[in-house]
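Dear colleague,

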Amino acid sequence: VCSRCCCRTHPAMISKKNSLLLYGKQGLVLGSMFRSLHCTPLAARSRSSLGGLVKDRFQSAEPSSTLAINETVAARRSAGQPVFNFGLGQSPFPVPSEVKDSLASHAFQKDYLQVQGLQELRQSIASFTNRMQSKSNGTEFSFDADDVLVGPGTKELLFMTQMATTGYTVLPAPSWVTYGPQAFMNDRKLKWVQTEMEDGWQIGAESLAKCFQENSAFGRPLLILNSPSNPTGRVHSKERLQEIARVVDEADGIVISDEIYLYTQFDGGEWHSIAEFIPDRTIISTGLSKWCGAGGWRIGAFLFPKTMRPLLETMVGIASETFSSVAAPIQHAAIGAYQQEQHIQTYISQSSKVLGIIADYSTRALIETAHGARCAPGQGAFYLFPDWSDCKDVAAQFSSSSQFAKALLDSSGVAALPGSTFGMKPSSMTLRLSLVDYDGGDAMSQVHKCDWSPGNFSAGDGLSNFKHTGWVQENCPNVVNGIAAIKSFIKQINS
C-alpha cells in the first residue's frame, strides 16, 4: 500500500534491498519500507485517470463568494496592498466577556452530547426567544427545549432542511449567497421573486402569489425569508409580513424565517417575525454569529413548531449521520449568551447603535457624493446595497456587476460583492457593502459619546446634516476611507 495515498502499490516498485530487509528484519524495517515506497505522486498523474470522479452538476461548484472575498482580502494585505474590506459579513464586535469566560471554564468538556443539542442550551434558546419576542411586541411564543435543534451554524441546518423536505425553494432577489447553491446541491427547483429598492427590497405579496401559482406543479413551496436582510440591511414591516403570511398559508407553503440578524436592528424597539402570523408554518433560524459576535464558534439553532415535529425528528436523524453533535465546550458556553440577559441586552444595545451610526453615515455619503448612487437606508445588520444602474457611465463601461466589483477592487482596493452573487440580474449595477472594517470593541466603548437615534434619516439629507461624522472618522477610519475610495472610483468613470 502506498504511504502517500493508500492505493495498492505494484510489487515491481519494491526494491531488492527493501525486499531482503523485509524478510530479514520484519518488525524493524516494515515502517521504513512503507515510507520509502510510493506510487506516482498525485500531481504527476494524468487527469484522465480520475475522470468521472465528480458528478456533472457539481463540476462548476465554487467556494462561497463571501468566504472567497475574505481570502482575497487576506492575500492583498499579506502582499502589502491597501484594501478596504467591505466583503465578508462578519461581526466586528468581540464576543461578550461573560460568554468568553464561560467557554474557557468549559474547555474540559469532551464528551459527545445529544444530537439534538444540550438540553439546558435548547431550553435557554427557547426561553430567550420567547422572552425577547414578548418584550418587543407582546407576541407570546411557546417554544420549549423539544422544539429546538442545535447545529454547527445555521448554514448546515438550512442545507439539511432543503435536503429533507419535498417541494421547491423560493427566494427573494436579492438574497444571501448560500440559499441558492444549497438548493442546487439538493437538486431542488429554485424560483426567484424580484424585489425593488423603491419598496425597501421587501417581497411583494402579489409577486409571491404569482410565483406560487406558476410553480404549483413542483409541490409545496419553501420560502426562505431573511429579515433584517443580507445583503440589503432592510427589514420587512409588520404589515408586509402579514401579507406574505396570508399568501404562504393559501399556497400550503412553509417558511424558514432566517432571524440571525434580528437583534441587530437599529431602532431598538419592536421587531417582528412572520412566525407571529403563521406559527404552524414557520421555522425560526437563529444563532450567535451576528448579534453575539461568535461567527467562528459555529453554533446555530432552528426552532420548529410542533406541527413540524416529524421534520425535526428527521433532521435529528440526518444530523446523527453527519455532524453527530456540536462541540461540547461551545454548547456549554453558549448557555450564558441566552441566560445573562442584562449583560446581553447592554451588548445588543451598544452594538446595534454602532451599526446604525455607521449605516446612517455611509448611506448619506454614498447618496451625496457617489455620483448617481441610489441606496435604501439600512435598518439592521451590517449591510448596504447601493445601486448605480441609473449611472449611465457605469452601465456603459461594465456589462455586469461582477466586472464592476472587480474593477473597484483592482483600482481602489475596495472589496465588495456584486449584486449578481445575491440573485440580481448581472446587468444590475448593485454592490453589497459589508460595513465591518473597524475595531468593534473600541467603537462600542466610545458609542456613549453619540446621541444618535434611528428614524430621522431622510433621503435628501447629506453629511452636512449628520453631526456624528467626527465620531465615525475617529472610530471607523477604514469605512470612511473606503466610501471615499468608491466616490473617487465613480468620479473617474464619469470623467
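**Salt bridges and an open sheet**

Asp 360 forms a salt bridge with Arg 364, their closest N and O atoms lying 2.7 Å apart, where a salt bridge means a side-chain nitrogen of Lys or Arg within 4 Å of a carboxyl oxygen of Asp or Glu. Because Asp 360 and Arg 364 are four residues apart in helix H12, about one helical turn separates them; helices (H or I, at least four residues) and strands (E, at least two) are DSSP runs, numbered from the N terminus. Asp 360 is buried at 6% relative accessible area, and Arg 364 is buried at 3%, given that buried means under 20%, exposed over 50%, and partly exposed in between (1.4 Å probe, protein chains only).

This is a predicted model, in which local features need pLDDT of at least 70 and side-chain atom pairs count only at pLDDT 80 or more, while totals for chains, interfaces and linings use all residues. Residues are numbered from 1 along each chain as its sequence is written, and side-chain values use heavy atoms, with hydrogens and water left out.

The structure holds 17 salt bridges. One of them joins the side chains of Arg 374 and Glu 198 at 2.4 Å, N to O, and this pair links distant parts of the chain, 176 residues apart. Arg 374 is partly exposed at 25%, whereas Glu 198 is exposed at 61%.

There is also an open sheet of three strands in the order E9-E12-E11, with antiparallel pairing, where two strands pair if DSSP finds at least two bridges between them.

Best wishes
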